[in-house]
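I opened this notebook to record what I looked up in the structure shown here. My entries follow in the order of the look-ups.

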Amino acid sequence: MRSNVIPLTPAAPPPAATQSVEFDAELLGRLAKSGPRYTSYPTADRFTDSFAYRDYLQAVAAVRTRGAAKPLSLYLHIPFCDVVCYYCACNKIVTKNREKAATYLGYLKREVGMQGLLFSGINEVEQLHFGGGTPTYLSDEQMGELMDHLHRVFRFAPDSAGEYSIEVDPRTVSPERIHTLRRQGFNRISLGVQDFDPDVQKAVNRIQPEAETRAIIDASRAAGFRSVSVDLIYGLPLQTATTMAQTLDKVIAANPDRIAVYHYAHMPHLFKPQRRINEADLPSSDTKLAMLSLCIERLAGAGYVYIGMDHFAKPTDDLAVAQQQGRLHRNFQGYSTHADTDLVSCGVSAISAVGATYSQNVKTLDAYYDALDRNELPVSRGIRLSMDDALRRSLIQKLMCQFEVSIPALEQAFPIVFSKYFASELEQLREMEADGLVTISPEWISVSMKGRLLIRNVAMVFDRYLAARAAGPRHSQTI
Ligand code: SF4
């Protein structure tokens, strides 16, 4: 595998604080492999249908008896989209029939009400996230109605203390709507851009004029959103290092607080829309590595800090500050600054994390409506964590969020002697140490700058279920 050879536009050397990751093409080419993104541990493919509604009720009861209540994170899933993007791997329903959203909203409010009753008295919300699908598929009025309902059912921390975010497809909103969303209580916004190149946009069926997107970014700032985030994807059809450089220049000029650069994982056997992508147009592995290298170089040059996985943030953004202070957390929405919360998720296919459990809602609208008509929460599967799961979850969280693990701290929190409990994992880590990905001391496991882009590989060492899992591309490439 060649090293990074793409021509780079000269940039001012980044300040020391932004040198948070190192690109090593040889290592990435040799070691990148399929792996989970660890938004949960155990990962969702370990959930079973022996965990149902009653188990969820027990989990909430256990939270009540635990004494000190944690604040809540709420997630609301709006599954609808107007048109399909060919790269999409989300749980969504593509329809132009707006009636469907009205029916869904009625049931969603019912689920929110039931969850509110379960958590009454311990219902302080510090974090809210609307995802999809396309949350802004809901009209202004529908969104206002839902936000009012949420505020009636839960107690929200003040705007200055809470993190209230929404994913916005810039094609679906006007600058005026952005101001309305701010008034409705959102203070963080995440905008899907993916790529500004018109040919790439055409190849993935997502036509999104640059001027429109810029207007939405500018409106977000003018409306007073505390953090504006932009999502990009590398590895899409017709992308090259040149188109990526142009997109990066435009995004950096728009000056968002956070930038996520996701790797497109082409898995048409799992995700039907991807079958409409012309495989001959997909960039080669070398081109993808060149694009990733370019992203890291340009974003570091512009002063962004590498947070982990696909995320970059300005050093002053809450995510970067939380990482510095050791309180960064990772959940189904990615990285978050509110570590110690129970996650209550509403909507079709949404996943909650309450106490030592994960639980996922049914995936079809019919099953969702049926469960709520029976006055049951629509939980269809989940998992109760064993002590071993909780230990490994804690360890993997630390690796993904802080790039280091304190061995004495883990030994204090769990009844183990680390070197004995993880003897075989430590052996595997020694090989990674030889490759320069990690350093191991009696007190710390630390991921090196060049190990950070392969953080999933390091985390996978501690995933007890991976070895037992059937081989095959169930997960996306780590790079
Ligand atoms: S990528 Fe987003 S907007 Fe596009 S189809 Fe998927 S969920 Fe909908």
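For residue classes, I counted Ala, Val, Leu, Ile, Met, Phe, Trp, Tyr, Cys and Pro as nonpolar, Asp, Glu, Lys and Arg as charged, and the others, Gly among them, as polar. The model is predicted, so I took local features only at pLDDT of at least 70 and side-chain atom pairs only at pLDDT 80 or more, while totals for chains, interfaces and linings use all residues. I numbered residues from 1 along each chain as its sequence is written.

Helix pair. I took helices (H or I, at least four residues) and strands (E, at least two) as DSSP runs, numbered from the N terminus. In contacts, C-beta atoms placed from the backbone lie within 7 Å. Ala101, Leu105, Lys109, Val112, Gly113 and Gly116 of H3 meet Gln142, Leu146, His149, Leu150 and Val153 of H4. By class, this contact of H3 with H4 has six nonpolar, four polar and one charged residues.

Confidence. I read pLDDT as the predictor's confidence in each residue, from 0 to 100. The chain averages 91, and 94% of the residues score at least 70. Over residues 1–18 the pLDDT is below 50, and this stretch has 33 contacts in the model beyond near neighbours in sequence. Where pLDDT is low, the predicted coordinates should not be read in detail.

Whole chain. I found 16 helices and 20 strands. The C-alpha atoms fill a box of roughly 60 × 55 × 45 Å, taken along the principal axes.

Key
Contact = placed C-beta atoms within 7 Å.
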